[in-house]
Amino acid sequence: MEEDTKITEITEAPSDSTYILKPEIIQCNNLSKEYEIGDFIVKALDSVTFDIYRGEIVVFQGASGAGKSTLLSIIGGLDTPTDGSVMIEWVRISDLSEESMSIFRVGTIGFIFQNYNLISSLTAEENISFPMQLAQVEIPIQEGRVKKLLEKIGLQERGEHLPFQLSAGEQQRVGIARAFANNPSIILADEPTANLDKKTSQQIADLLVEMNKEGKTIIVASHDDLIINQAHRVFTIEDGKITSEKKLKDPPKIEDSPIPENYLPCQNCERYLPPGTKSCGFCGVIQLVKE
Ligand SMILES: Nc1ncnc2c1ncn2[C@@H]1O[C@H](COP(=O)(O)OP(=O)(O)O)[C@@H](O)[C@H]1O
Ligand SMILES: [Mg+2]
């Protein structure tokens, strides 16, 4: 599939952020995912429809096997739905080529996993740098960001430690720093505190809230009350269906949302688009993208 166009200059952004940022940062429409195992079909997701607003913390709770991880993987473009669509910003992610999707993902979405998923042969610093290497961030900028992130997670003295030299909670804090490395707009966290004690879980919840205050949209699969208490909305998912939605707080005001620094304005309509986007989902114009 060939849809790449080359760069030129970038237009000046209009100052009114309500116009250029979309309040619904994620829109899932009729998402279904079926797995075929022999003659048996598992409906991991069954026609799920919802919007996530920019700057929210949204928790999906539900029993094991309910479909939470499947949902996060599909939103993050790691897996594809059998039916339905995911829009992130103005982009229908199924329209992205594989290459565009990986650029889009690296710059727009950070993942936090239940088992931390750190690379065991890399130090804490190197693990945090890893997504920046994928995004080809210049080395001095990487080093500066790693230092800041280590301070944020309170592990400035532990940057050269390997994962096995860190406690579970410390490993998860490194996992969080890594998720935030490229300053993504969206964080997907799959049961981030499931293996942690209460005190450490509270640290993780506090870090998520702090990042949320900086404008990140955070989606968490969790049963943990420490996380649920921080949510704007909580969805319950059962057998692949959303069975309840509870609003705990108003979503942040769109005017308060910063324009993500790695987004580029559409050359035609000036709506802001994440990295990797090659055609504007709002006006349909092919983008001239930054090299
Ligand atoms: N790769 C797969 N192949 C077959 N079935 C799967 C696969 N991944 C998940 N499932 C099934 O889909 C359902 C939802 O799984 P999952 O999304 O992991 O739930 P949760 O994260 O809520 O525990 C389960 O029944 C699970 O067994
Ligand atoms: Mg799961």
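1. Let's start at ligand 1. The residues around ligand 1 are Y35, I37, V42, A44, G62, S64, G65, A66, G67, K68, S69 and T70, where a residue counts as near if its C-beta atom, placed from the backbone, lies within 6 Å of the molecule. By class, 5 of these residues are nonpolar, 6 polar and 1 charged; here Ala, Val, Leu, Ile, Met, Phe, Trp, Tyr, Cys and Pro count as nonpolar, Asp, Glu, Lys and Arg as charged, and the others, Gly among them, as polar. At least two shell residues each come from β1 (24-37), β2 (40-53) and α2 (68-75). The largest share, 3 residues, is supplied by α2.

2. A word on the model and its numbering. This is a predicted model, in which local features need pLDDT of at least 70 and side-chain atom pairs count only at pLDDT 80 or more, while totals for chains, interfaces and linings use all residues. Residues are numbered from 1 along each chain as its sequence is written, with chains lettered from A and ligands numbered from 1 in the order in which they are written.

3. Now the overall picture. The protein has 8 helices and 12 strands, which are DSSP runs numbered from the N terminus (helices: H or I, at least four residues; strands: E, at least two). For 291 residues, a compact globule would have a radius of gyration near 19 Å, and the protein agrees with its 19 Å; the radius is taken over C-alpha atoms, and the globule rule is 2.2 Å times the number of residues to the power 0.38. The C-alpha trace spans about 50 × 50 × 40 Å along its principal axes. Of the 291 residues, 43% are buried (20 or more other C-beta atoms within 10 Å of the residue's own; exposed means 12 or fewer, partly exposed in between, with C-beta atoms placed from the backbone). Among contacts between residues at least 6 apart in sequence, 70% join residues at least 24 apart, a contact being two C-beta atoms, placed from the backbone, within 7 Å.

4. Two residues here deserve a look at their backbone. Most residues other than glycine have a negative phi. Yet N30, in strand β1, has a positive phi near 50°, and S47, in strand β2, has a positive phi near 55°. N30 is partly exposed because 13 other C-beta atoms lie within 10 Å; S47, with 14 such neighbours, is partly exposed too.

5. The other sheet to inspect is open and mixed, with 6 strands in the order β6-β7-β8-β3-β9-β10. Its edges are β6 and β10, each with a single partner strand, so one side of each lacks a neighbour in the sheet. The twist averages 15° from one strand to the next. Helix α6 (residues 168-180) packs on the sheet, touching β6 and β7, at about 170° to the direction of β6. Helix α7 (residues 198-213) also packs on the sheet, touching β3, β7 and β8 (217-221), at about 150° to the direction of β8.

6. β6 and β7 (residues 186-190) are parallel over 4 bridges, with I109 opposite I186 in β7. From β6 (residues 109-112), I109 and F111 point one way and G110 and I112 the other, and all are buried. β3 (residues 57-61) is parallel to β9 over 4 bridges, and Q61 stands opposite T236 in β9. β9 (residues 233-238) and β10 (residues 241-247) are antiparallel over 6 bridges; in their hairpin, with 2 residues between the strands, D239 takes a positive phi near 45°.

7. Finally, helix α3 (residues 98-108) has S100, I103, F104, R105, V106, G107 and T108 buried. Their cover includes β4, β6, α4 (124-134) and β7.

Definitions and conventions
Two strands pair if DSSP finds at least two bridges between them. Axes are lines fitted to C-alpha atoms, for helices over the stretch in contact, and angles run from 0 to 180 degrees between N-to-C directions.
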